[in-house]
Amino acid sequence: MIYSTFQDKKLSLLGFGTMRLPQTQSGEINQVQLEQMVACAFEHGVNYFDTAWPYHNGLSEGAIGRALSAYDRNSFYLANKYPGHQVSDSYDPAEIFEKQLEKCGVDYFDFYLLHNVYEKSMETYLDPRWGIIDYFKEQKRLGRIRHLGFSCHARPEGLRAFLDARGEDMEFCQIQLNYLDWTLQDAKSSYELLTQRGIPVWVMEPVRGGRLANLPEREQARLKAARPDESAAAWAFRFLQGLPNVKMVLSGMSSLFQMQDNVKTFAQPAPLSESEHAMLMDIAEGMKDSVPCTACRYCCDGCPMGLDIPKLLSMHNDLRFDPTITVIIRIQGTQADRQAVSCIGCGKCARICPQNIDIPAELKKFARACEQLPNWEQICREREAASKVDTKK
Ligand code: SF4
Ligand code: SF4
């Protein structure tokens, strides 16, 4: 197993994310299979397990807690998250935190994160009325949290704003990072920003919800020709292994097979060569099918509606390519009067664009697509229901 160093700890670079656990025919978490996966993880040196309040409709915490109860508490690190992005009306971090300890059957969390800091949730997390961060700092002082951090779906500018506000209290940050989002969602800027601020990076969605594990045949063949023994998912992990500030790669594994494939990949480092790296970037490029905005921002000053055109076009690209929850969260986190639908089609921007993009037409298409998007929370519920139906088949 490859290990990374985080302060006084030796972390397995591969962490077991518990958002997509194996399920039974009736859609419940398959505890027997989960325990086999946990045993396999321990056998191969994985020592980091990650859960969260909403995973599996609140059942993930108990399931992983039960699976880990067979092992010495000092032999693993357990991470959990505060769902400040989901709670509404009133915020009582103590109530949720106490329940989380109870559900997991532990008296402290090694790592604890503010879950999903993004444009819409940031205000809640920073609101002094709720005192969320101060509460968790106090739990850290009491030894009930060993390390405090946050997961972030914000654009780099949102991440910067949060770091400016409370970065000094955050010991690590979990972001969506993979070779496709490196440029597509500008994960590179987030990675570099965190590195500049001295904050270690935890990675979520390393294979982009499985998309990078299931490439088109032509791309699979290119990868197989270069490394016959490695899966497409392994390539995505190898890319991350080349980034020195990545201290944790969380993979939401759903089967023993995935666990076995992943521990094999993380058994020893096998960094990408320059040409392999270039090939991955080329594959990513081919997957983009995007509006060729270079974010030069020449068009922004003259927009009578004050729209952030490159930001809107970037989300338009993301949505066309792969409508992940993260993309939808970003779209729905955009202020109402800054959405694509506010474009009045004056065409000023298109006249100045060096890439000759028909911006009003693209924004119109994007606005139409946005209108049809269900709320991201609704998507989560539908996916959960669909996965249950799949399991029943
Ligand atoms: S066409 Fe739309 S985006 Fe372009 S300048 Fe006019 S209002 Fe702004
Ligand atoms: S001028 Fe064109 S390339 Fe530049 S930011 Fe605007 S849309 Fe993008």
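Helices (H or I, at least four residues) and strands (E, at least two) are here DSSP runs, numbered from the N terminus. This is a predicted model, in which local features need pLDDT of at least 70 and side-chain atom pairs count only at pLDDT 80 or more, while totals for chains, interfaces and linings use all residues. Residues are numbered from 1 along each chain as its sequence is written, and chains are lettered from A and ligands numbered from 1 in the order in which they are written.

**Ligand 1**
- Helix α16 gives the most to the shell around ligand 1, namely three residues, and both α15 (348-352) and α16 (359-371) supply at least two residues each.
- Ligand 1 is surrounded by 16 residues, of which Cys303, Cys343, Cys346, Lys348 and Cys349 are the closest; a residue is near a molecule if its C-beta atom, placed from the backbone, lies within 6 Å of it.

**Barrel**
- Eight strands form a closed barrel in the order β3-β4-β5-β6-β7-β8-β9-β10, with parallel pairing, where two strands pair if DSSP finds at least two bridges between them.
- Strand β4 (residues 48-50) runs parallel to strand β5 (residues 77-82) and is joined to it by three bridges, and the bridge partner of Phe49 in β5 is Leu78.

**Domains**
- The protein chain is divided into domain 1 (3-280) and domain 2 (289-393), with bounds that come from an automatic or database domain assignment.
- The contact between them takes 16 residues from domain 1 and 14 residues from domain 2, two residues being in contact if their C-beta atoms, placed from the backbone, lie within 7 Å.
- The centres of domain 1 and domain 2, taken over C-alpha atoms, are separated by 26 Å.
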